[in-house]
Amino acid sequence: MVGVVGDSWTLNRTPISVGWHSSKGISDQQQRGAIAVALMKDVAALSEITTGSSYFYGKAVARAARLALIAEEVGAPDILVRIRDFLDQSMTPWMEGTLGKNAFLYDEKWGALTTKNSCSNPQEDFGFGLYNDHHYHLGYFCYAGAVLAKLDPTWGKRYKAHLYTMVEDFMTSDHQRMDHSRQDRHHFHHHHTKVSRSKALFPRYRNFDFWVLHSWAGGLTEFLDGRNQESTSEAVNAYYSAALLGLAFGDLYLMNIGLTLTALEIHSAQVLWHIPSHGTMYEQEFSSSQRVVGVLWANKRDAGLWFAPAHDRPCRLGIQVLPIVPVTEILFQDINYVHELVEWTLPDLSRADVSDGWRGFVYALQAIYAPEEALQNVLKLSSHDDGNSLTNLLWWIYTRWSW
């Protein structure tokens, strides 16, 4: 580290300007047609989400929201009604607390949302009740909520306070500024006691650490090596989704805060998690054999993941890529690094225990420098990650095509 003497720091980051759709679009009619065909199939296959997990449910509604935005981008408005209705049917029970299998509750003690299931069993929802991964789970819900509010402003107006409560849980910046959006606190039941109106409902920037310029996913559990974060891409998605929520409601303050944190999270991911062969962040012994960090802790780095060993390279790559959204192109803008990361991972795809879901993320990055080869690989997949789809992969590949 380099010591700096002064009363203040000025951090200059290149502003991020990214919205609902891809930056360059798809002009080729044949490519748009191929996406439309996949879109019809994926939308026709939408069915009731059966999981009660806040994480996997969030991924499922965000996946459907991606289909809606892709339909807009390729000019398939007729199919939007079906997706809008699906999002309404899937999101509203969480807003109303009528899902049955789970619900969001407000915990006054810690000033946070929790889930009904994680209150009775701390291991449920990946420890959401212990305040693990809040930006991951709620980021997906914010993404779907922003898209649905865009498609159906009446729904958005009805549940604006609910959506703002979700984003405030992990990203409240100014209690005074944000409080106007939640005049009515009845929408999430209280896990403990009545909330005092004079008390701040959420801590400032629960997950984001301005000292290290990235988020921590670990909650209340104390570890010898401090806090940790595994998936940088889901952290990026959370702040990007908050920005979209601001965009949906014309809230420039929320949009700008979201994009600022998105930029900082991307910067840290590229510096601390991404390991190019010529990088100097880590010693040569580590950099020569690794291309991406698995879990970064306050006091150490792990090559392995919470759910997979260090040698499972497709999982290590995939957890730093998902979900694939427009901001993904900024996260992986270093084409030389992407090439190294994919080539480091590709040999492992021959293993029988690697699922097509994880293969899809490898091929998605491959599309950045070899889109035609990636397309052929994607078309051979028989399944996709539960937050991804053939439609989304085709959209991603074709929006790389002219780069």
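Okay, let's start with the aromatics: Tyr57, Trp94, Phe104, Phe128 and Phe141 are joined into a cluster by ring pairs. By a ring pair I mean rings of Phe, Tyr or Trp (for Trp, its six-membered ring) with centres within 6.5 Å; planes under 30 degrees apart are stacked, over 60 edge-to-face, and the rest tilted.

Before I go on, a word on what we're looking at. This is a predicted model, where local features need pLDDT of at least 70 and side-chain atom pairs count only at pLDDT 80 or more, while totals for chains, interfaces and linings use all residues. Numbering runs from 1 along each chain as its sequence is written, and side-chain values use heavy atoms, with hydrogens and water left out.

Back to the rings. The structure has 27 aromatic pairs. Take Phe208 and Tyr239: their ring centres are 6.0 Å apart and the planes sit at 85°, so this one is edge-to-face. The pair ties together distant parts of the chain, with Phe208 in strand E4 (residues 208-209) and Tyr239 in helix H9 (residues 232-248), 31 residues apart. Helices and strands here are DSSP runs numbered from the N terminus: H or I of at least four residues for helices, E of at least two for strands.

So, buried or exposed: what are Phe208 and Tyr239? Phe208 counts as buried at 5% relative accessibility, and Tyr239 counts as buried at 0%. The cut-offs are under 20% relative accessible area for buried, over 50% for exposed, and partly exposed in between, with a 1.4 Å probe and protein chains only.

Next pair: Phe223 and Trp297. Their planes are at 80° with centres 5.2 Å apart, so that pair is edge-to-face. Again, distant parts of the chain are linked: Phe223 is in the loop between strand E5 (214-215) and strand E6 (228-229), Trp297 is in strand E7 (residues 295-297), and they are 74 residues apart. Phe223 is partly exposed at 35%, whereas Trp297 is buried at 9%.

On to charge pairs. Side chains of opposite charge can pair when their charged atoms come close. How many salt bridges does the rule give? The count comes to 15, taking a salt bridge as a side-chain nitrogen of Lys or Arg within 4 Å of a carboxyl oxygen of Asp or Glu.

Lys59 is one to look at. Its side chain meets that of Asp385 in a salt bridge, 3.1 Å from N to O. This links distant parts of the chain: Asp385 lies in the loop between H16 and H17, Lys59 in helix H2 (residues 54-74), and 326 residues separate them. Both Asp385 and Lys59 are buried. Asp386 also bridges to Lys59, with the closest N and O atoms 2.8 Å apart. That pair spans 327 residues, with Asp386 in the loop between H16 and H17 too. Asp386 is partly exposed at 37%, while Lys59 has a relative accessible area of 4%.

Elsewhere, Asp225 and Lys300 form a salt bridge at 3.6 Å, N to O. Asp225 is in the loop between E5 and E6, and Lys300 is in the loop between E7 and strand E8 (301-302), 75 residues away. Lys300 is partly exposed at 34%. There's also a salt-bridge network made of Asp312, Asp348, Arg351 and Asp353.

Now, what's inside? Look at helix H15 (residues 356-366): 11 of its 11 residues are buried, among them Trp358, Arg359, Phe361 and Tyr363.

Leu87, in helix H3 (residues 80-96), is buried at 0%. Leaving out neighbours within four places in sequence, Leu87 is in contact with Val61, Ala64, Ala65, Thr92, Ala144, Val147, Leu148 and Leu151. Contact means heavy atoms within 4.5 Å.

Last stop, the outside. Val4 sits in the segment before helix H1 (29-44) and is exposed at 57%.
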